[in-house]
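Please read it alongside the sequence and the model.

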Amino acid sequence: MIGRNDLCPCGSGKKFKKCCLQQEQVISLQALRETRTYDGLMDRLLQSAALSPEDESVMEVVFRFFGGPPEGVEEEDLDLTLDWAVFTYIWPEHGTTRCEYFAETSGDLSDEERAVVAGWAKASPGFFRVVSAGSREMSLLRLGDMRHFTVNGSAGAYKPGEFLMAWLLPVPSGFRFGVTVSPLPPGIDRSLERLVRAEYGLLRRQKPDATWDELYRELWPRLVEDVGIAMGYGDSLPDVDTAGPAVQGAPTADFRYVAVAHRLVGVLKQADMEASEIAGVLRLWWDAAHALRPRLMKVEPWVGAVIYLYGRTGGPFSPTQAELAAALGTSASSIGGRAQEMDAALQVSLTDPRYVDLLEPTVRMVWRLRFESLP
């Protein structure tokens, strides 16, 4: 141990008390202030979020998280959903996340506190290996992109080599753990990494530029399920093929193609289709426009064909060609012809990961059955 009157180990020639001890005291004071700020903000945020099993809107989040009603909603079930529900999930009643809503509407926050809470919407969740753990900070390595994170304020909580499931919230000095940290069983990292990379491949078929942060934030409920799959198979889990064409996007700003997109959105909103499904239908249309470059004569047959073909992915909205023709004022044969052209170019399949909501219960069930059917 270095005494106050010993020479400073940095080599300056000064006594420790006149040199690096002062810097350590300043750093310690800053860390204490940040810890108090973080703890206070987190307590107030969770009180504001008020996630209760009796709350009907919370039950919708739970159903979304588990892909259906879990077997009895217990406190531990809610614990798994907390970070995702507070930092990523868009609540319909105010159109934003709970942490962003808290930052926008809490009148007693300082500008600094408001900026910190708003930044938590850009949390970095993931599966992490503890690389090192010191007296003030820990170094973590995330599964998948192998990104390093420095986490403060959790000295002694975890040891090097441990494997964690957690959300990391940005703070001025680096990151802090979110609401729930779950140690993972040793030995599942290889099989879990295969699943995480497969999920990344599926997401990038929808969003070619998707980042690892987006993967972990948007598909967190699926990834939590993947932990169970990895635990069940271990090193015997086979590689998962997610090859396939990604979304190409709008080929041009051609007003004729845009007219189809606008008409699609109007029709689907009238049918009360979910926003995530509308996004999938639009991806299907822009892929078709890119692949076929059609010389459009009438909008309605293409609108009907896109909706009909999207129904082939297994979603809840799957009208017949005759029903679409009657609703759009066109012929079933025109819709059928356009649908055949699109299907020949794109080969749309059941639960096609280019277009479906990857958190939709049926899609997740197909993903789980894929592993249950393995030898």
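The face of α9 turned away from its buried side carries four exposed residues, Phe255, His262, Lys269 and Gln270; exposed means over 50% relative accessible area, buried under 20%, and partly exposed in between (1.4 Å probe, protein chains only). The model is predicted, so local features need pLDDT of at least 70 and side-chain atom pairs count only at pLDDT 80 or more, while totals for chains, interfaces and linings use all residues. Residues are numbered from 1 along each chain as its sequence is written, and side-chain values use heavy atoms, with hydrogens and water left out.

**Helix α9**

- Helices (H or I, at least four residues) and strands (E, at least two) are DSSP runs, numbered from the N terminus.
- Helix α9 runs over residues 255-270, and its end C-alpha atoms lie 23 Å apart, in agreement with the 22 Å that its 16 residues should span at 1.5 Å a residue; the expected span is 1.5 Å times one less than the number of residues.
- Tyr257, Val260, Ala261, Leu264, Val267 and Leu268 are the buried residues of α9.
- Viewed down the axis of α9, these residues fall within an arc of 135°, so they line one face of the helix; the arc is that of the directions from the helix axis to the C-beta atoms.
- An α-helix has 3.6 residues a turn, so residues three or four places apart point the same way.
- The cover over the buried residues of α9 includes α10 (275-292), α11 (299-311) and α12 (321-328), where contact means heavy atoms within 4.5 Å.
- At the N-terminal end, aspartate 254 caps α9, with a side-chain oxygen 2.8 Å from the backbone nitrogen of arginine 256.

**Helix α13**

- Helix α13 has 15 residues (332-346) and reaches 21 Å from its first C-alpha to its last, close to the 21 Å expected at 1.5 Å a residue.
- Its buried residues are Ile335, Gly336, Ala339, Met342, Asp343 and Leu346.
- These cover an arc of only 130° around the axis, which puts them on the same side of α13.
- They pack against α10, α11 and α12.
- Ser333, Gln340 and Ala344 are exposed on the face of α13 turned away from its buried side.
- Glutamine 347 follows α13 and has a positive phi, near 50°.

**Salt bridges**

- With a salt bridge taken as a side-chain nitrogen of Lys or Arg within 4 Å of a carboxyl oxygen of Asp or Glu, the count comes to 19.
- Glutamate 93 and arginine 98 form one, their closest N and O atoms being 3.1 Å apart; glutamate 93 is partly exposed at 47% relative accessible area, whereas arginine 98 is buried at 9%.
- Aspartate 213 and arginine 147 meet in a salt bridge at 3.4 Å, N to O.
- That pair links distant parts of the chain, 66 residues apart: aspartate 213 belongs to helix α7 (residues 212-218), and arginine 147 to the loop between β2 (137-142) and β3 (148-152).
- Aspartate 213 is buried at 15% relative accessibility, and arginine 147 is partly exposed at 32%.
- A network of salt bridges links Arg142, Asp145, Arg147 and Asp213.
- Lysine 207 and glutamate 218 form a salt bridge at 2.9 Å, N to O.
- Lysine 207 lies in the loop between α6 (189-206) and α7, and glutamate 218 in helix α7, eleven residues apart.
- Lysine 207 is partly exposed at 33%, and glutamate 218 is partly exposed at 28%.

Notes. A polar contact is a pair of N or O atoms within 3.5 Å; within protein, one must be able to donate a hydrogen and the other to accept it, and residues adjacent in sequence count only if both atoms are side-chain atoms.
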